[in-house]
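Here is a short tour for anyone opening this structure for the first time. Keep the picture beside the text and follow along.

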Amino acid sequence: MSAFAFPAPDVPPHRGRRADAVVDHLIELIVSGVVQPGKLLPVESALCEAFGVSRTVVREAIKSLEAKGLLKVRQGVGTLVSAQESWNLLDPALLTAIVRHDERYDILDQLIDVRTSLESSMAREAARKATPADIAELRDLMAQLDAAVGEPDLLDDIDVTFHERIMLVSGNQLGRAIVHTVHAEARRSPRYVGHSALKHRRQSNRQHLAVLEAIEARDPDAAASLMAEHIATSWQRRRPAGPQRPAG
């Protein structure tokens, strides 16, 4: 196992931000594949020199990267880059970098799988638990979606609120937190958000309405099925041309 050399970026003068700059740069090197799992980081003094920062800043950065699952400090060996299986994919900074380098869209496809599974389950629960006030709020959001169909950016924001409301009604706090984390970071990527034609935005609104009507009708199975179909087909419309995931 050997250490690697790398060009370090300029770092800001504030110490807290300096540690963040070191963390972000090392995340980029690791996620991009420039630095492979199993490699040793340079020793602490070399990192200090490379980044032009103090030992305190380097130690803070290493501790942060350990918490993200990217590094493992071994006594008598050094600081090793961890295997991908150890990475905390729900960490916002790490997930952002992974999405940015997801050339085959594997992570984005997996993100859709997670959303489909969790949000369909939460739509099922919402159909069981929704109060008249909840239905009224969803109806109001549906009206806003229809009114904003010609304004993609506004429509996207209302779309997120509509899904968020269904998750809140379900009462599944953990599921909502997971979806919120992965979806919020993915939405930073133009490849995930995409650009939909007007006819597709209208189709998406019809799917939202179908989910709402199933919830209002107290039909858990239909609500779950329609939500799963909506998320999957919306992604297929937006998904960039490129490698397709294997069938089955």
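Predicted model: local features only at pLDDT ≥ 70, side-chain atom pairs only at ≥ 80, totals over all residues.

## Helix α8 and what covers it

Helix α8 takes in residues 173–186, which is 14 residues. From first C-alpha to last, α8 reaches 20 Å, close to the 20 Å expected at 1.5 Å a residue.

Some of α8 is tucked away: G175, V179, V182, H183, E185 and A186 are its buried residues. What lies over them? The cover for the buried residues of α8 includes α4, α5 (106–129), α7 (152–170) and α9 (190–193).

Now look for α6 (residues 132–147) and α10 (residues 198–216), whose axes come within 10 Å and cross at roughly 170 degrees. Since angles over 145 degrees count as roughly antiparallel, α6 is roughly antiparallel to α10.

On the α6 side, the residues that meet α10 are I135, L138, R139, M142, L145 and D146. Facing them from α10 are N205, H208, L209, L212, E213, I215 and E216. Sorted by class, this contact has seven nonpolar, two polar and four charged residues. A bit of helix geometry is handy here: an α-helix has 3.6 residues a turn, so residues three or four places apart point the same way.

Is S82 buried or exposed? With a relative accessible area of 10%, S82 is buried, because anything under 20% counts that way. You'll find S82 in the loop between β2 (78–81) and α4 (92–100).

Setting aside neighbours within four places in sequence, S82 is in contact with P37, G69, L70, L71, K72 and W87. One of these, G69, has its backbone oxygen 3.4 Å from a polar atom of the S82 side chain.

## Two loop residues with positive phi

Y105 sits in the loop between α4 and α5. Its phi is near 65 degrees, a positive value in a residue other than glycine. Y105 counts as buried, at 8% relative accessibility.

R218 also has a positive phi without being glycine, near 60 degrees. Look for R218 in the loop between α10 and α11 (220–238). At 43% relative accessibility, R218 counts as partly exposed.

Methods:
Residues numbered from 1 in each chain as written. Heavy atoms only, no water. Axes fitted to C-alpha atoms, helices over the stretch in contact; angles between N-to-C directions. Helix = DSSP H or I, 4+ residues; strand = E, 2+ residues; numbered from the N terminus. Parallel < 35°, antiparallel > 145°, perpendicular 65-115°, else oblique. Contact = heavy atoms within 4.5 Å. Nonpolar A, V, L, I, M, F, W, Y, C, P; charged D, E, K, R; others polar. Buried < 20%, exposed > 50% of the residue type's maximum accessible area, 1.4 Å probe, protein only. Polar contact = N/O pair within 3.5 Å; in protein donor to acceptor, adjacent residues only side chain to side chain. Expected span 1.5 Å × (residues − 1).
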